[in-house]
Amino acid sequence: MTLLSVGDRVAPGRYRPFSRFSGALAFVREVHRAGLGGAVLACVVREEKGEGPLNIVVRGDLAAVLSLEVRPDAVLFGRRLLPIPRRFDSALRLAGPLSGSIRENLAAFRGALSEGEGAALLLRPARALPPSFQAELAASLREGYDKLLSGDLPGGAKALKGRGQGLTPSGDDLLAGFLLGLRAVEAAFGADLAAERRVVRRAARSRSLFSESFLRCAAEGRFFEGAQAAARALLQGNPGQAREAAKRLSTFGASSGTDLGVGLLAALELRLPAGQECTL
Amino acid sequence: MTVKGLIKSGEYFDSVTLMIVGRDVTALKGVQDAAVVMGTQENKAILKAAGLLLPEFEKAGETDLLLAVKAESPETASKVLAESEARLLSVRSRSDSEEEYRPKSFEGALKALPGANVALISIAGRYAGEEAMKALKAGLHVMLFSDNVPLEKEVELKEFARGKGLLVMGPDCGTAIINGVPLAFANQVSRGDVGIVAAAGTGLQEVSCILSNESAGLSQAIGTGGRDVKKEVGGIMFLEGLKALLEDPATKVVVLVSKPPHESVLKKIGAAVKDSPKPIVAVFLGAEGKTLSRYGMLPAGTLEEAALLAAALSKGGDAKAAGKKLADRERALSELAVKEASQTAKGQRYVRGLFSGGTFCSEAQLVFQELGISDVLSNAPLAPFKALADALKSERHTLIDLGEDAFTVGRPHPMIDYSLRCRRIQAEAQDPETALILLDVVLGYGSNMDPVRELAPALRDARSTAEQGGRRLVFACSVTGTPEDPQDKDKVSEGLKAAGALVFPSNAAAARFAARVAEYLEGE
């Protein structure tokens, strides 16, 4: 097995196995009595899953990974000590000039996402559905999304939190994307949106280890490779690159990447400075 | 239209799996609507609005997976639910099998994990010895979960291991926690400085969980298998485990857990701990405290007392603190027993204990004996109690070990499969002489993942059966586990309370309560 990189939010310590997914193993460090707030997640993933703040990326057979200890400069799988070759920097940084076609980029990104799963339905015109779980879910997500777009961040975050399908519900992923969007606007335009980020984060706390871990990272401005690439493509790329970034993002999870992209778009629409407005 | 659902706790499926299954289920014939979602409050609100929220979903947590189906008939709903569950498992096993190498031999496993230093062996007893020897020869410690390993083979393995400085935990060893890793039936406990050597698996679980719940923790917990302390094996591994803990700088306090060892073995243990600078707490269920004190050990009468003593010593306190805690609790237990017993109907006279852990059945008998309750029968009796004529039928006060062979042939262990116990609860409820049903619920890895789901309806049915006969049944449960276990001790305790059970912090406490009820009823 080859260790390729370790995310910068993977905390040192001994972890215990938590759950197993296709191409990924989730480990958790001692859960404190206080509840999940004290739990720390780390994911050992195969390289095709990509780098992330909590990811330990490996090439090889995951079946051999039965235990995990992270040290400052090495990772211990069982008794096998592997030096960390690279730390993945998950902070969003926008180096270089901004794009002159941000509005077109957003439109291209939106178009590529809109046929997707989960929260992508929010990018399509609302339509009447026969009474069903899906209809109720769609209405509920739309209510939260509309509140976010109207500037009611606590109301929107509360309405979206924990809603939807998937291991991390769509609403949680959308809120992580919204936090990414706020960070992106701050990085690109020097705005201070810390108060807004705090409001969203406070309303979006989750008791699910997975949702809470990803939301915590997002609030701290830490994102996986594909999410960073999407923000860069929107603010510094061209429409083609934005479209490609959306497609790549939508391959993350069943709908998680798409949900995150929808949140990213919402934040940009709401907080893009004057002169850069877009119509979504 | 019928709505049915199920909760899957402690299991995580990736989003793609959830989506595939959700979609497939909705498309099945006879299904009007369906949802497969995590049990967040917000999702429950959506389920409610869609008419898919079932009463049992209210208690589900955010990490539980909820499956709900609205179908044209109850039969279709049940069928679809079963099918969805099977689909979840099949998607998971499909993705697992595509990517993971599952070794089929010891050699293959060692190749997959060349750095391993412990082999856990769970195969038919007649083959297990040979595999264990292979592991020992490769320099690995062995945990031998298998039972029915011939006695001579056990001795051979243990002597060989001792020569190489290795441990053989087992055969028939169900529990160990090594370097913080729970093996087989074990719990998620805190790390700390208390080391345990145990020839009783459930005993090890109870002591380690109470320690953890008392904010103390474990350095190592070494199981040996129950036969190790018999004359024929001579305590080889009990002594090796003890030696390891005495030499371990991370271990400050040692707890020894077993049924009474053979006299010759006890002498060897006594010699090993003599002059130990570390405190040694011994709970040899049924052994004389005086004998243990002579060897310099701190004797404990119950698993709980041993754990409390060790926790106090670990935190720099002394034995008195543990004694005071138990004495205070005793008063409260007695008062509660009087209150509950006085509400039973005339003719309700007996306690019926249905245990999944053999050690707990023994411990309960000792508690009854200590409190002078004599009219006790068991399928695994400790002197002076007598054997039941028929283990399937209770008489007078009955304490049953459901893990005995008569109950387990051809079915999973009662810690996993509750069906037999649930049926027995109903049978006891039909007996007009039953006043109290005493249960142990053991959590942790390997055990039943959702005990409340199985026990709660059984308790409610039993209560209802008794009430129809004008009687009031008392249910007393202990829950062995920690809040960090996959099942979450707190959640399970709350679920049992909601089903009408009195929940106690240990098996000893539940047994003392039951014995006090029996005492009251005898007086009546």
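Here are some friendly notes on this predicted model, which has chains A and B in contact.

1. **Chain B as a whole.** Chain B has 524 residues, and 52% of them are buried. Its secondary structure comes to 18 helices and 20 strands. If you look at the contacts in chain B with a separation of 6 or more, 69% of them join residues 24 or more positions apart.

2. **Where the chains meet.** The contact between the chains brings 38 residues of chain A together with 37 residues of chain B. On the chain A side, β2 (13-21) and α2 each supply at least two residues. The largest share of that side, four residues, belongs to α2(A). By residue class, the side of chain A that touches chain B divides into twelve nonpolar, 16 polar and ten charged.

3. **A helix of chain B with cover from both chains.** Have a look at helix α2 of chain B, residues 41-49, where Glu42(B), Asn43(B), Lys44(B), Ile46(B) and Leu47(B) are buried. What covers these buried residues includes α2 (133-149) and α4 of chain A. From chain B itself, the cover includes β2 (31-38) and β3 (65-71). After α2(B) comes Gly51(B), with a positive phi near 75 degrees.

4. **Two packed helices in chain A.** A pair of packed helices is described by the angle between their axes and the distance between the axes. For helix α4 (residues 170-189) and helix α9 (residues 256-271) of chain A, the axes come within 6 Å and cross at roughly 40 degrees. The arrangement of α4(A) and α9(A) is therefore oblique. Their crossing is right-handed.

5. **What lies in that helix contact.** From α4(A), the residues that meet α9(A) include Leu174(A), Leu175(A), Phe178(A), Leu182(A) and Val185(A). The α9(A) side includes Leu260(A), Val262(A), Leu264(A), Ala267(A) and Leu268(A). Gly177(A) and Gly181(A) in α4(A) also take part, as do Gly261(A) and Gly263(A) in α9(A). The residues of this contact divide into 14 nonpolar, six polar and three charged. Among them are Asp173(A) in α4(A), and Asp259(A) and Arg271(A) in α9(A).

6. **Strands in chain A.** β2(A) pairs with strand β3 (residues 24-29) of chain A in the antiparallel sense, over six bridges. Across this part of the chain, Arg16(A) stands opposite Val28(A) in β3(A). The hairpin of β2(A) and β3(A) has two residues between the strands, and Gly23(A) takes a positive phi there, near 75 degrees. β3(A) also pairs with strand β4 (residues 40-46) of chain A, again antiparallel and over six bridges. Here the bridge partner of Ala24(A) is Val45(A) in β4(A).

7. **A buried glycine in chain B.** Gly203(B) is in helix α7 (residues 201-213) of chain B. Why does Gly203(B) count as buried? Gly203(B) is buried because 31 other C-beta atoms lie within 10 Å, and the cut-off is 20 or more. Leaving out residues up to four places away in sequence, Gly203(B) touches Ala198(B), Val257(B), Leu303(B) and Thr359(B). Of these, Thr359(B) is 156 residues from Gly203(B) in sequence, yet their C-alpha atoms are 6.0 Å apart in space.

8. **Cis peptide bonds to check by eye.** The peptide bond from Gly170(B) to Pro171(B) is cis, with omega near 5 degrees. Pro171(B) is in the loop between β6 (168-169) and β7 (175-178) of chain B. Another cis bond joins Ala383(B) and Pro384(B), with omega about 10 degrees. Pro384(B) is in the loop between β15 (376-378) and β16 (386-387) of chain B.

9. Asn148(B) has a positive phi near 60 degrees, in a residue other than glycine. Asn148(B) belongs to the loop between β5 (141-144) and α6 (151-164) of chain B. Ser215(B), also not a glycine, has a positive phi near 65 degrees. Its loop runs between α7 and β10 (218-223) of chain B. Are Asn148(B) and Ser215(B) buried or exposed? Asn148(B) counts as exposed because it has 10 C-beta neighbours inside 10 Å. Ser215(B) is exposed as well, with 12 other C-beta atoms within 10 Å.

Conventions:
Residues numbered from 1 in each chain as written. Chains lettered and ligands numbered in written order. Predicted model: local features only at pLDDT ≥ 70, side-chain atom pairs only at ≥ 80, totals over all residues. Axes fitted to C-alpha atoms, helices over the stretch in contact; angles between N-to-C directions. Parallel < 35°, antiparallel > 145°, perpendicular 65-115°, else oblique. Left-handed = near helix turned anticlockwise from the far one by under 90°. Contact = placed C-beta atoms within 7 Å. Nonpolar A, V, L, I, M, F, W, Y, C, P; charged D, E, K, R; others polar. Pairing = 2+ DSSP bridges.
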